[in-house]
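Opening my notebook for a new structure. I'll write down what I looked up as I go.

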Amino acid sequence: MDKEPETSSTGSRSPGGFGLFGSGPQYSKTELAGVPLTGMSPLSPYLNVDPKYLLQDTDEFILPTGANKTRGRFELAFFTIGGCCITGAVFGAVNGLRMGLSETRNMAWSKPRNVQILNMVTRQGATWANTLGSLALLYSAFGVIIEKARGAEDDLNTIAAGTLTGVLYKSPGGLRGAARGGLVGLTLSGLYALYNNWDHLKGSSPTRY
């Protein structure tokens, strides 16, 4: 039978012992017990692994000098505009299908009915995609301008950009329309800012993109 490695009176292994991956630094059970390994099970004293290499105190990714860990509004603008256009197109197509079936319910299934339904689907899809895409473009432009002007990125930029987007989009309707649009934009952007800070308001750390 194999002999157990010799140990000293303090319980540590002798320097001449052999481990699974060859000889290496030896630690006693008392020394290993004092190593703080958060979220990990205690190491076996027979593994020649230095516990210091298992502790990750720094980030596991490298950022360019001066770069932020989160994407800025300019980087998110393209995703926001594209996502709103796609969302508007899908919603408009579904709404157009509903409207087309409702308006042609008295018609028999034929080529004219199919063409009319298809026209309604494409018209509504394009309209909603243009509407949401325009709103996303205005919101992103205001957000980038306000961020550059203030030199800071916080929820105040979000609320201000949403309010100005509503005011400008509804400005052709006069002062009353602009006021209503601004109120809607303020409400929606305020709810979005509240959602982003909900975890912080509850006392836990928020999860950011």
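Here are my entries, from the whole chain down to single residues.

**Ground rules.** I'm working with a predicted model, where local features need pLDDT of at least 70, side-chain atom pairs count only at pLDDT 80 or more, and totals for chains, interfaces and linings use all residues. Residues are numbered from 1 along each chain as its sequence is written, and side-chain values use heavy atoms, with hydrogens and water left out.

**Whole chain.** I looked up the elements and found 6 helices and 0 strands. Helices here are DSSP runs of H or I with at least four residues, strands are runs of E with at least two, and numbering starts from the N terminus. Reading from the N terminus, I get α-α-α-α-α-α. I also checked burial: of the 209 residues, 22% count as buried. Buried means under 20% relative accessible area, exposed means over 50%, and partly exposed is in between (1.4 Å probe, protein chains only).

Which residues does UniProt list for "transmembrane region"? The unreviewed entry gives residues 76-97. I noted that UniProt positions use the numbering used here, feature names are shortened, and annotations may be inferred rather than shown by experiment. In the model, that span is 100% helix and 0% strand, and its end C-alpha atoms lie 32 Å apart.

**α2 against α3.** At what angle do α2 and α3 pack? I got about 155°, with the axes 6 Å apart. Axes are lines fitted to C-alpha atoms, for helices over the stretch in contact, and angles run from 0 to 180 degrees between N-to-C directions. So α2 and α3 are roughly antiparallel to each other. The cut-offs: under 35 degrees is roughly parallel, over 145 roughly antiparallel, 65 to 115 roughly perpendicular, and the rest oblique. The α2 and α3 crossing is right-handed. That word applies if the near helix is turned clockwise from the far one by less than a right angle, and left-handed applies if anticlockwise.

**The aromatic pair.** I found 1 aromatic pair in the structure. Phenylalanine 91 and tryptophan 128 make it, edge-to-face, at 4.7 Å centre to centre with 80° between the planes. Rings of Phe, Tyr and Trp (its six-membered ring) pair if their centres lie within 6.5 Å; planes under 30 degrees apart are stacked, over 60 edge-to-face, and the rest tilted. Phenylalanine 91 lies in helix α2 (residues 73-103) and tryptophan 128 in helix α3 (residues 111-150), so the pair ties together parts 37 residues apart in sequence.

**Two more residues.** Threonine 87 lies in helix α2 and is partly exposed, at 48%. Threonine 87 and glycine 133 are 46 residues apart in sequence, but 9.2 Å apart in space, C-alpha to C-alpha. Asparagine 119 lies in helix α3 and counts as partly exposed at 34%. From asparagine 119 to glycine 96, I read 23 residues in sequence and 8.4 Å in space, C-alpha to C-alpha.

**Further helix pairs.** α3 and α4 pack at about 135°, with axes 8 Å apart, and are therefore oblique to each other. Helix α4 (residues 155-169) and helix α5 (residues 174-196) pack at about 155°, axes 6 Å apart. α4 and α5 are therefore roughly antiparallel.
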